[in-house]
Structures are given as C-alpha cells and as structure tokens.
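These are my notebook entries on what I looked up, written in the order in which I went through the model.

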Amino acid sequence: MSAPHPAPPMALLAELTHRCPLKCFYCSNPLELVRASGELRTEDWLRVLDEAAAIGILQVHFSGGEPMARKDLVTLVRHAAKLQLYSNLITSGVLLTDEAMAELLEAGIDHIQLSFQDSEQQGAEFIGGYKGAQAKKMDAARRIKNAGLPLTTNFVIHRHNADRVGAMIELGAELGSSRIEIAHTQYYGWGLLNRDGLLPSREQLDRTSEVVEEARARLKGVLTIDYVIPDYYAARPKACMGGWGNRFMNISPTGKALPCHAAETIPDLALPSVRDHSIGDIWAHSEAFQKFRGTEWMPEPCQSCDRREIDWGGCRCQALALTGRADVADPVCEKSADHALLAGFIEQADINAPLKARG
Ligand code: SF4
Ligand code: FES
C-alpha cells in the first residue's frame, strides 16, 4: 500500500480564464463558466508562480479557456521565466498576432501547443464556431516556427471528424510540428453534455488507430505522435492526472486549487483557494488533495489489483459522472461492476444528436 507522498507536483496547470473566442462542443471547461470579474488578479498569479517555484515545481502550463484573452499573459510568462519555470502556452492561436508572438518570445515563453479543430476550414468552423479560425491558426503556427519555438499541434477527434485524421497528421507535419497530439474527446464538461453527438463508432476508432500507427512508423525520427483513445472503448482506465494529488495541481480562474480540471463536479470536496493558502500548504495538507491520493482510499476491485499504482483506479470524475459516486473504480475498467454502462453510451451515440455550444 503506498503512503500519500509529499514530493512536489511536477507541473502547475494555470487555467487563467474560461473566456475564449471559440465555442467548441467538446470543451472540458465546466458548464458554469467563470466571468472575467471573478478571475484572479495579476498579483495573485505572480504570487502563485513564486510559491510554485519555491516548492520545486518545474513547469507551468498556461491554459484556459483561451489564456491569450488575459491582458497580463506576457507579464506572467516573464515572471515564470525569471523563476526558471519552463512555460508552455496552450492556445487556440486565433489571437497570436505578430506583435503578440514577439512579446511572448521576449518574455521567455519556452513552448507553444496550438489546437486545431479539424484539417479543413468547414469542419473547424462547425466545431469551434469561429469564422476564419483555420487561417489564423495556420498563421499562428508559422509565427511559432519562425520564432524558433518548438510547436505541438493538437487535434481533438470525435464522430464528426475522425475520418480526417490522416489529413490532420499531414497538416501537423507540414506546419513543422515536433509533436502532434491526436486526442479523442474526453467526456467532461461540455464534452460530456454533448457525448451522444461526439462519441465515435467502433469502426471509426479502429480506422483512426490504423492511420495513426501507419503515420507513426512513417514519421519516426521526424516527429512524435501522441494518441489518446476514447476511454469508453478501453478495457483499463487511464491514470487520470498521473494519479490524484500525485503529479499536477490545477488552479482554476477563480483561484481554486484542483487535483484535476473537473474536480469541482465532485460534491462535498472542500476545494481550497490560493487566495487563502499557499500552494505548498494546499499540496501537503489540504483534505481535497489527500482524499484520493495513493491507494488507501480504494475499494475493491482496485484495492487488491496489481494495477492500483499504475492507473490509480482511473478517473474520479468519470466514476462520478457515470455512476454517481467518485469513490468507486472508474467504469472504464473491465473489472468494475459498472463497466457495462459504457456499451449503452456507445449504443446511443448518433451523429445527428443535437450539440450544445458553450456560452
Ligand atoms: Fe485500475 Fe482498479 Fe481496474 Fe485495477 S481494478 S485496473 S486499479 S481501475
Ligand atoms: Fe478528475 Fe479525472 S478528471 S480525476
């Protein structure tokens, strides 16, 4: 049985804002989006970065929403660089003008991850609800490359675009990506709400996997392709967040410290705020971060399973969303008594199911 361990998190996920010019149907942000007036102030974020460096965190990922919607992004990147934190910007790219790129570069940004909704304009505009986004993203990719920064391109796959995965990989390669992420939608937030219209068929998943494997072999040594399958087709769950309270800390736009991006969905989980506590204190002592840390909390079948320190029982938020309880094995696991639920969700998926866009 592993004891809760106090080693610092490897990375801080700074969700600067929920504001975003795009309105993707699969967005993992919560259904209740935070307004600008509720967001942490610049000085709060600067203090959080100080505290992160002080406890030995090595990386900070600036995300959202669209982190470039924050006017102080360059200030925060500059501060992270001063603290020798490796900084990654996770962006849709539609606000990445020449001027913004120059400012971020001067401030010391280390890496940019650029998301695409599709390989082609029509599909991208259908999913993201932003006219002209595809051209802006292509320009953003060129700016990132011209700045000499490593580029990761990210494509989210679902029922409406899975058949274009080959073209997505070609686009990512043409743009000079050092890494391409092909990630099937994860069903949280708006993605969960729109699951029926987004979940791919088994045939689509199998074709996607074949195309990715072929491209991986062909592009070996040129670039890396990360591939995330939809949990609902898996036999074993993912180690969500690398284990609860194990490797990552998320800070929400309002300053709540979260063990994962969907932790606010778990009822009765007292989530501490960085407005009131240091992140070192939160990491080591808060009830929220200890609740599902390690293996002691686990019921069967996880408690006696030889994968309990590999996947840490899967995802607490998915267990909650699918069974109503966060403290049971993730139903994605074949050993879970609730595993049969997934076949029902796959069965009811339909490309004509209505999709609701985030506000
Ligand atoms: Fe993971 Fe629990 Fe399933 Fe074992 S029983 S594989 S620990 S979810
Ligand atoms: Fe919360 Fe997986 S998203 S534990």
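In which strand is Asn88 found? I found Asn88 in strand 3 (residues 86-91), where strands (E, at least two residues) and helices (H or I, at least four) are DSSP runs numbered from the N terminus.

I noted that this is a predicted model, in which local features need pLDDT of at least 70, side-chain atom pairs count only at pLDDT 80 or more, and totals for chains, interfaces and linings use all residues. Residues are numbered from 1 along each chain as its sequence is written, while chains are lettered from A and ligands numbered from 1 in the order in which they are written.

Next I asked why Asn88 counts as buried. Asn88 counts as buried because it has 21 C-beta neighbours inside 10 Å, and the cut-off for buried is 20 or more other C-beta atoms within 10 Å, with C-beta atoms placed from the backbone. Leaving out residues up to four places away in sequence, I listed Gln59, His61, Asp110, His111 and Gln113 as touching Asn88, contact being C-beta atoms within 7 Å.

Strand 6 runs parallel to strand 5 (residues 151-157), to which 6 bridges join it, and pairing requires at least two DSSP bridges. Strand 6 also runs parallel to strand 7 (residues 224-228), with 5 bridges between them. Ile180 stands opposite Thr153, and its bridge partner in strand 7 is Ile225.

Notes:
A residue is buried if 20 or more other C-beta atoms lie within 10 Å of its own, exposed if 12 or fewer, and partly exposed in between; C-beta atoms are placed from the backbone. Two residues are in contact if their C-beta atoms, placed from the backbone, lie within 7 Å.
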